[in-house]
Amino acid sequence: MTKSSANDIYIRHAAAEDMQHINYIASVYFLDTEGIEYSDCIVAVCENKIIGIACFKDTECPELHTIAVHPNYRGKGIGALLMRGVVSCMCKGYERIYIRTTVPIFFEKMGFVALENNIKKQLWSDCADCNRFTSCKQAVMCLKLRRQEYANNGNSQYI
């Protein structure tokens, strides 16, 4: 567990007792929170309250599955903290990670690049089999990981 002295927010690995909070924050942005497991998540904590989550899954491809910040804490850099945290502690050994998102602007700021929409069919079977593929609003993006890009540079906001 690491603490940020600037705003008393720290990032830690999620625990089983965090699932209620994880599901609540995820449900603000996603209709389906099924399949989220605490062992795949890290959480941002402020004043002993979980205010953000990030979940990574490596099923069909290495995917940042969920990243969400409680609406009362948005715009404070917590999403970026979570992004750095999930990459530094859960994505070791990967060359790239993928996301499906309806808010590509945030991920562009984090270094992700948009890919051709048809790539989703190659990466995820649920996209390949989806009867709404042509009307899907999710962009597919990729982050090519560089060893030093998310290295701990003395900033205490990292895990």
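**Exercise 1. Is D18 buried or exposed, and what is its relative accessible area?**

Solution. 
Step 1. Know the model. This is a predicted model, in which local features need pLDDT of at least 70, side-chain atom pairs count only at pLDDT 80 or more, and totals for chains, interfaces and linings use all residues. Residues are numbered from 1 along each chain as its sequence is written, and side-chain values use heavy atoms, with hydrogens and water left out.
Step 2. Buried means under 20% relative accessible area, exposed means over 50%, and partly exposed lies in between (1.4 Å probe, protein chains only).
Step 3. Read the value. D18 has a relative accessible area of 5%, so it is buried.
Step 4. Find its partner. D18 forms a salt bridge with R12, and their closest N and O atoms are 2.7 Å apart. A salt bridge is a side-chain nitrogen of Lys or Arg within 4 Å of a carboxyl oxygen of Asp or Glu.

**Exercise 2. Describe the overall build of the protein chain.**

Solution. 
Step 1. Count the elements. The protein chain has five helices and eight strands. Both are DSSP runs, numbered from the N terminus: helices are H or I with at least four residues, strands are E with at least two.
Step 2. Along the sequence the pattern is β-β-α-β-β-β-α-β-α-β-α-α-β.
Step 3. Look at burial. Of the 159 residues in the protein chain, 46% are buried.
Step 4. Look at contacts. Take those between residues at least 6 apart in sequence: 64% of them join residues at least 24 apart. Contact means heavy atoms within 4.5 Å.

**Exercise 3. Which cysteines form the disulfide, and where do they sit?**

Solution. 
Step 1. Count. The structure holds one disulfide, that is, a pair of cysteine sulfur atoms within 2.5 Å.
Step 2. Name the pair. C41 is joined to C55, with 2.3 Å from S to S.
Step 3. C41 is in strand β3 (residues 41–46) and C55 in strand β4 (residues 49–58), so the link spans distant parts of the chain, 14 residues apart.
Step 4. The link of C41 and C55 is right-handed, with 90° about the S-S bond.
Step 5. Check burial. Both C41 and C55 are buried.
Step 6. C61 is in no disulfide; its nearest cysteine sulfur belongs to C127, 9.2 Å away. C61 is buried too, at a relative accessible area of 5%.

**Exercise 4. Which residues of helix α1 are buried, and what do they pack against?**

Solution. 
Step 1. List them. In helix α1 (residues 19–29), M19, I22, I25 and A26 are buried.
Step 2. Look down the axis. The buried residues of α1 fall within an arc of 135°, so they line one face of the helix. The arc is that of the directions from the helix axis to the C-beta atoms.
Step 3. Recall the rule. An α-helix has 3.6 residues a turn, so residues three or four places apart point the same way.
Step 4. Find the neighbours. The buried residues of α1 pack against β3, β4 and β5 (62–69).

**Exercise 5. Which residues does M83 touch?**

Solution. 
Step 1. Locate M83. It is found in helix α2 (residues 78–90).
Step 2. Check burial. M83 is buried, at 0% relative accessibility.
Step 3. List contacts. Leaving out residues up to four places away in sequence, M83 touches L64, I67, I97, F107, M110, F112 and L143.
Step 4. Take one of them. The C-alpha atoms of M83 and I67 are separated by 7.8 Å, and the two residues are 16 apart along the chain.
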